[in-house]
Amino acid sequence: MRLLLLGFLLALAVPATASAGVGVSAFYYPWYGTSAIDGSYQHWSQHGHSPPNDIASSYYPLAGVYSSSSALVVSAQMAEIRNAGIDQIVVSWWGQGSPEDERMALVVAAARDDGISVAAHLEPYTGRTIASTIADVHYLESTYGIRTFYVYQALDDFSVSDWAAVRTTLHAGGGVKLYAQTALVGAAAAAGFDGVYTYDIVTYPGSMFRRFCQEAHARHLLCAPSVGPGYDAVRGDGDTRTKPRRNGATYDSMWRAAIHAGADQVTITSFNEWHEGTQIEPAAPSARHGGYRYLSYDGAWGLHGRKAEYAYLDRTRYWSSVFRSTSPPQLKTKAS
């Protein structure tokens with residue numbers, strides 16, 4: 001046990017994000033809990049659902065309702081991520097002391113074991129300010145060696161002048177890289193960000209990627225548009241908007257658009273955001289659980305049965321390979 005603990009602590013001492021070589025990233029959610037492991041169901045039960053059969057998703061995980069606190073679960077996920085050709089996970093993080101923060105050590109260690117880089121997705125937690133964001137960056141860097149940060153709603157919640165005022169502090173010592181989730185590329189450049197990403201695959205379709213990347217490159221920013229398989233959040237939060245998967249055609253079209261746009265990096269929405277139906281994590285075959293027949297990946301790229309369960313991870317490996325063989329070296333940004 002002492003040797004295991006020592007190995008775990010040594011793993012955390014190694015820098016988590018050598019950003020060189022990062023070409024494909026996936027947004028990753030460590031927020032799921034079960035009654036057996038965590039004392040209650042977390043996130044699977046949101047929007048009035050009653051796990052384990054009735055969950056807050058239109059799809060049902062192939063692994064069943066799982067806990068993000070389980071080392072076995074997280075290790076298996078990292079193996080799937082690595083095999084899919086994904087270089088980096090962008091971990092959803094909701095502030096110091098949050099359940100996601102408490103699981104970060106487990107996630108970072110498991111990712112490093114599989115050679116996966118780790119970045120943090122700074123979410124809009126209650127009470128988030130510019131000052132708390134600076135503290136968060138320093139905390140995550142000093143505690144876990146994380147040096148790449150994706151800031152969700154970066155310019156919705158804070159002004160350009162707010163960011164510009166802390167630019168020097170955030171980049172003190174060098175090595176920290178900041179991406180803004182926004183389509184306002186000029187504002188992101190003025191605010192001192194290194195790059196931009198879109199995340200929302202409904203609001204920001206592939207058709208806008210070329211203009212997005214052209215604007216980013218003109219301002220010496222990294223362009224990391226977000227691709228995804230589809231969107232269906234009706235059971236997760238009641239949102240009636242949908243983006244059909246079209247048996248894989250939606251995912252293919254977004255990947256093609258990102259590559260043709262000259263993206264420096266591709267971000268995937270998402271590995272396991274089951275509430276919004278954007279996940280590429282393996283899904284169970286269509287079956288009834290608790291009176292509801294969940295959707296499945298059956299038919300994606302002509303695959304059926306067991307082959308279809310892993311269809312999106314397999315396709316991610318294909319597109320990751322295509323992207324690496326066609327993408328240019330990363331730009332040097334204004335801030336870096």
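Colleague: What does the chain average in pLDDT?
Modeller: This is a predicted model, where local features need pLDDT of at least 70, side-chain atom pairs count only at pLDDT 80 or more, and totals for chains, interfaces and linings use all residues. Residues are numbered from 1 along each chain as its sequence is written, and side-chain values use heavy atoms, with hydrogens and water left out. pLDDT is the predictor's confidence in each residue, from 0 to 100. Of the residues, 91% score at least 70, and the chain average is 91.

Colleague: Are H12 and H14 roughly parallel or roughly antiparallel to each other?
Modeller: Helices (H or I, at least four residues) and strands (E, at least two) are DSSP runs, numbered from the N terminus. H12 (residues 249–260) and H14 (residues 311–326) pack at about 15°, axes 11 Å apart; axes are lines fitted to C-alpha atoms, for helices over the stretch in contact, and angles run from 0 to 180 degrees between N-to-C directions. Angles under 35 degrees count as roughly parallel, over 145 as roughly antiparallel, 65 to 115 as roughly perpendicular and the rest as oblique. H12 and H14 are therefore roughly parallel.

Colleague: How many charged residues has the contact of H12 with H14?
Modeller: H12 brings Tyr251, Asp252, Trp255, Arg256 and Ile259, while residues of H14 include Arg315, Trp319 and Phe323. Ala, Val, Leu, Ile, Met, Phe, Trp, Tyr, Cys and Pro count as nonpolar, Asp, Glu, Lys and Arg as charged, and the others, Gly among them, as polar. The contact has 7 nonpolar and 3 polar residues, and the charged ones number 3.

Colleague: Why are H3 and H5 oblique to each other?
Modeller: H3 (residues 71–83) and H5 (residues 104–113) have axes 9 Å apart. Ala71, Val74, Ser75 and Met78 of H3 meet Leu106, Val107, Ala110 and Ala111 of H5. By class, that contact has 7 nonpolar, 1 polar and no charged residues. H3 and H5 are therefore oblique, as their packing angle is about 40°.

Colleague: Which strands are the edge strands of the open sheet?
Modeller: The sheet has 9 strands with parallel pairing, in the order S7-S6-S5-S4-S3-S2-S1-S11-S8. Two strands pair if DSSP finds at least two bridges between them. Each edge strand pairs on one side only: they are S7 (222–224) and S8 (226–227).

Colleague: Which residue in S4 does His121 stand opposite?
Modeller: S3 (residues 117–122) and S4 (residues 148–151) pair in the parallel sense over 3 bridges. The residue opposite His121 is Tyr150.

Colleague: Where is Pro52, which a cis peptide bond joins to Pro51?
Modeller: Omega of the bond between Pro51 and Pro52 is about 10°. Pro52 has its place in the loop between H2 (35–38) and H3.

Colleague: What is phi of Gln153?
Modeller: Gln153 is in the loop between S4 and H7 (154–157). Phi is positive here, in a residue other than glycine, and is near 55°.

How values were computed
Contact = heavy atoms within 4.5 Å.
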